[in-house]
Amino acid sequence: KPADQTVWEAVSDVPDEELWRVHEHRRHRLVMWTRQNVCRQLEARGTSPMQACAVSDGLDPNAFTIGFARRFATYKRAALFLRDRDRVLKLLNDADRPVQFVIAGKAHPADGGGKDLIRQIVHFSRQADVAHKIVFIENYDINVARHLVQGCDLWLNTPRRGMEASGTSGMKAAINGVLNCSVPDGWWDEAYETDLGWTIGQGESYSNPDEQDNIESQALYDILEDQAIPLFYDRDSHGIPRGWVARMKRCITTLAPRFNTNRMLQEYTQQFYVPAHGLAKKLGQDHFSEAATIVKQRERLREAWDQVRIEEVDADTSRPLGVRDKLVVVADVHLGVLKPDEVRPQVYAGKLNNDGNIVDGQPIDMVHEQDLGEGLHRFRGEVNPVTSGRHGFALRVVPGGALYDGVPIPGLIRWEQLDQVEPAEQPPAAKSA
């Protein structure tokens with residue numbers, strides 16, 4: 001019963017000692033396997049077997065092990081953790097709380113930037129003061145990934161926010177009880193909770209990429225130094241890191257049932273396949289008469305869409321707006337020959353990022369209020385922010401009626417200028433009579 005998510009709750013009943021023993025065994029296995037690979041890599045480059053083994057022995061099967069394995073595209077910023085040399089060396093050379101990195105991945109043959117990231121990591125790992133506590137595994141494939149997602153303690157993911165499609169390696173690590181430390185992008189933006197792992201930053205974006213890399217690399221070091229590493233090495237009298245194991249259990253029970261192929265297929269089926277099948281049957285009735293009607297409606301919209309424009313917008317944005325207060329937005333929209341029920345004017349509202357762009361905006365349908373004549377119509381909508389901070393809205397017009405059901409039609413959308421409101425931290429006090 002893969003859809004029964006309650007079965008994962010039994011993970012909480014596994015004794016801490018047993019879960020930790022299994023995890024340590026898998027870390028030991030990862031380190032032994034990595035040593036063999038490093039030896040072979042070095043020997044293939046002419047290093048003597050004795051020297052090669054001496055280098056690979058720098059890995060400690062009991063040390064806090066951070067894994068990073070993925071395609072080496074430049075936006076994934078694989079070398080972000082090396083940005084501050086002094087702080088990296090401080091982590092790697094801590095005798096009381098040792099840390100090591102196991103890195104793997106491939107760059108596209110034509111991606112010079114990706115190959116340069118690998119060069120930076122390999123070059124850094126060969127420096128004497130690192131003592132071979134950073135290793136790079138060549139020939140990345142599913143077998144390499146399998147060892148890493150099972151044996152690491154922490155899974156690192158540092159893409160430039162907004163460019164990560166998913167990040168399935170982090171999901172596989174989580175199912176194995178490996179905690180994630182990631183930029184809030186891809187799956188981690190949906191999955192992150194404070195007791196499941198760590199997030200690097202809060203999703204801020206900066207106009208200067210170099211400044212963003214500096215800020216987020218420092219945030220990563222802070223997480224490792226102040227939170228992750230101390231929690232890992234906080235052991236009880238039996239040598240068990242109870243706080244870390246609690247997070248491992250929480251990680252498995254929360255993320256494993258949500259981020260898996262079964263959920264993916266179930267959602268595709270419920271949200272896309274079944275509705276598409278039902279719509280196909282509906283459109284196919286009566287010799288596809290309804291399909292022909294929709295085609296004619298779409299042709300009519302395309303012919304008249306140049307006439308659609310938002311003439312005027314009225315909203316009181318001159319004052320702070322209390323949380324859960326409503327902001328009334330009135331818009332005069334010129335539709336030309338189109339009728340109000342053929343379009344759907346919307347207020348597109350949401351929080352603003354540092355660049356003044358709407359983040360995770362939601363469309364709010366406006367209602368038709370008045371026919372002003374000569375193709376001009378008045379619509380009214382309400383924005384009700386439920387959180388404090390900088391919010392903004394923009395107006396748009398999309399096709400309406402049965403033709404439009406939340407699915408964009410290329411070319412049939414009309415936008416108006418962005419505006420901003422700033423809800424107060426608390427609703428303003430009511431005026432006295």
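Modeller: A salt bridge is a side-chain nitrogen of Lys or Arg within 4 Å of a carboxyl oxygen of Asp or Glu. The model is predicted, so local features need pLDDT of at least 70 and side-chain atom pairs count only at pLDDT 80 or more, while totals for chains, interfaces and linings use all residues. Residues are numbered from 1 along each chain as its sequence is written, and side-chain values use heavy atoms, with hydrogens and water left out.

The structure contains 29 salt bridges. I shall begin with a pair that joins D210 to R83, in which the closest N and O atoms lie 2.3 Å apart. This pair connects distant parts of the chain, for D210 belongs to helix α8 (residues 209-232), whereas R83 sits in the loop between β1 (64-69) and α3 (85-92). The two residues are 127 residues apart. Helices (H or I, at least four residues) and strands (E, at least two) are DSSP runs, numbered from the N terminus. D210 has a relative accessibility of 43% and is therefore partly exposed; R83, with a relative accessible area of 34%, is also partly exposed. Here buried means under 20% relative accessible area, exposed over 50%, and partly exposed in between (1.4 Å probe, protein chains only).

D222 and R87 meet through their side chains in a salt bridge of 2.8 Å, N to O. D222 lies in helix α8 and R87 in helix α3, so that this pair too links distant parts of the chain, 135 residues apart. The two partners may be set side by side: D222 is partly exposed at 36% relative accessibility, but R87 is buried at 17%.

A further pair brings R300 together with E342, at 2.7 Å from N to O. R300 is part of helix α10 (residues 261-304), and E342 belongs to the loop between β8 (327-334) and β9 (343-352). R300 is partly exposed, with a relative accessible area of 31%, while E342 is buried, with 19%.

Salt bridges may also be joined to one another. D16, E17, D236, R242 and K249 are linked in a network of them.

From α1, the residues H23, R26, R27, R29, L30 and W33 make the contact; from α5, the partners are N143, V144, H147, L148, Q150 and G151. Contact means heavy atoms within 4.5 Å.

Two buried residues complete the picture. S125 in helix α4 (residues 112-125) has a relative accessible area of 9%. Apart from its neighbours within four places in sequence, S125 is in contact with V130, H132 and I134. G322 lies in the loop between β7 (309-314) and β8 and is buried, with a relative accessible area of 1%. The C-alpha atom of G322 is 71 Å from that of M50, a residue 272 residues away along the chain.
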